[in-house]
Amino acid sequence: MSDRAAEPLRDVIARHGLQAARSLGQNFILDRQLLARIAAIPGDLGSAAVYEVGPGPGGLTQALLDAGASVVAVERDRRCLPALAELEAEYSGRLRVIEGDALEVDERAEVGADAHIVANLPYNVGTALLLRWLGGERWPPFWRSLTLMFQREVAERIVATPDSEHYGRLSVAAQWRSQARIAMNVHRSAFVPPPKVTSAVVYVVPAAMPAGVSPRVIEQVTAAAFGQRRKMLRQSLKAMPGALDALERLDIDPQRRAETLSVVDYVALARELS
Ligand code: SAM
């Protein structure tokens, strides 16, 4: 292990003057043991391709490299680039850093098929990125797994089951053709600076895509149903052509509310409307 690899992350941050910027959702993790545990969630990364969003000073990046991965990382904050350049030199050929906004990067073109996505996400763009990775016509997707840090409350929405407080659009999006679970809770004190709330790492793998269902339609149905989650389905789905007839064909009581339908029910409904 070289000097840079062993250097405490606190010193890397001080050396490069990386004061965390709230506007960029910067909450850094400095504990290398914790970073190694996060990097272990997707399983053996020896020779695997990993796409990381927001490497910051590079703590998680380094844990991924140490686990054997080749990493493509996109970082928006130019101030972090010199610290990341040190890692690029250290792990020659296994790290490529792209300066830019993850929302604008064509990650499939950058990492190819079969990449694991691992990120301590900036909270302001986390949900948008997750929905993008879960969406799209093409399935299985270009990624093999997602290992993503969220605020605990968002993580609970991703894995929620029907009739629970957190169940909603995000739960259906994450479960209708994927499997999602909370892999780890991370206390706020693990971050510098500490965020206001507890965080959690969610692990998602693609599952088989149900036949005959358009991803666009299931998004539309769940948006309409949960957009008015306190209303009965006959009200919230009224504006959707064919939806009330579909409920009848499926023997789903139109007086039910969005949160009482299972993911399988939404799949069936979307299939009727696809
Ligand atoms: N990976 C580091 C760690 O675990 O300590 C930093 C995580 S920090 C929560 C989020 C990182 O994402 C920051 O470095 C921030 O600059 C970067 N970031 C914020 N918005 C971004 C965007 N739209 N595209 C790419 N990176 C972004």
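**Close-up views of a predicted model**

**View 1. The loop that holds Asp 163.** Asp 163 is found in the loop that runs between helix H8 (152–159) and helix H9 (169–175). In this predicted model, the backbone at Asp 163 has a positive phi of about 65°, although Asp 163 is not a glycine.

View 2. Trp 139 and Pro 140 are joined by a cis peptide bond, for which omega is about 5°. Pro 140 belongs to the loop between H7 and E6. A cis peptide bond also runs from Val 192 to Pro 193, here with omega near -10°, and Pro 193 is placed in the loop between strand E8 (191–192) and strand E9 (199–206).

**View 3. The largest pocket and its lining.** The largest pocket of the model has a volume of about 410 Å³, and 31 residues line this pocket, with Leu 24, Gly 54, Glu 75, Asn 120 and Pro 122 lying nearest its centre. At least two lining residues come from each of strand E1 (28–29), strand E2 (49–53), helix H4 (59–66), strand E3 (70–75) and helix H7 (123–134). Sorted by class, the lining of the largest pocket consists of 15 nonpolar, 11 polar and five charged residues.

**View 4. The ligand and the residues around it.** The ligand sits in the largest pocket, and the elements that contribute two or more residues to the shell around the ligand are E1 and E3. In total, 20 residues surround the ligand, and the closest of these are Gln 26, Gly 54, Glu 75, Asp 101 and Asn 120. Gly 54, Glu 75 and Asn 120 are also among the residues that lie nearest the centre of the largest pocket. By class, the shell around the ligand is made up of eight nonpolar, seven polar and five charged residues.

**View 5. Polar contacts between the protein and the ligand.** In the side chain of Asn 120, an N or O atom is 2.8 Å from an oxygen atom of the ligand. Backbone atoms take part as well: a backbone N or O atom of Gly 56 lies 3.4 Å from an oxygen atom of the ligand, while for Arg 76 a backbone N or O atom lies 3.4 Å from a nitrogen atom of the ligand. On its own the ligand has 600 Å² of accessible area, and the protein covers 99% of that area.

View 6. The structure holds one cavity of 30 Å³ or more, and the space in the largest cavity amounts to about 30 Å³. The residues that line the largest cavity are Tyr 123, Gly 126, Thr 127, Phe 150, Gln 151 and Val 154. H7 and strand E6 (143–151) each provide at least two residues of this lining, and the largest share, three residues, comes from H7. Helix H7 (123–134) is also one of the elements that supply at least two residues to the lining of the largest pocket. By class, the lining of the largest cavity has three nonpolar and three polar residues but no charged residues, whereas the lining of the largest pocket includes five charged residues.

Conventions: Residues are numbered from 1 along each chain as its sequence is written. This is a predicted model: local features need pLDDT of at least 70, side-chain atom pairs count only at pLDDT 80 or more; totals for chains, interfaces and linings use all residues. Side-chain values use heavy atoms; hydrogens and water are left out. On a 1 Å grid over the protein atoms alone, a cavity is a set of points where a 1.4 Å probe fits but cannot get out, and a pocket is an open set with protein on both sides within 12 Å along at least five of seven lines; lining residues have an atom within 4 Å of a point. Grid points are joined across faces, edges and corners, and a volume is the space filled by probe spheres set on the points. Helices (H or I, at least four residues) and strands (E, at least two) are DSSP runs, numbered from the N terminus. Ala, Val, Leu, Ile, Met, Phe, Trp, Tyr, Cys and Pro count as nonpolar, Asp, Glu, Lys and Arg as charged, and the others, Gly among them, as polar. A residue is near a molecule or strand if one of its heavy atoms lies within 4 Å of it. A polar contact is a pair of N or O atoms within 3.5 Å; within protein, one must be able to donate a hydrogen and the other to accept it, and residues adjacent in sequence count only if both atoms are side-chain atoms. Accessible areas come from the Shrake-Rupley method with a 1.4 Å probe; for residues, only the protein chains shown count as cover. A molecule sits in a cavity or pocket if more than half of its atoms lie within 2 Å of its grid points.
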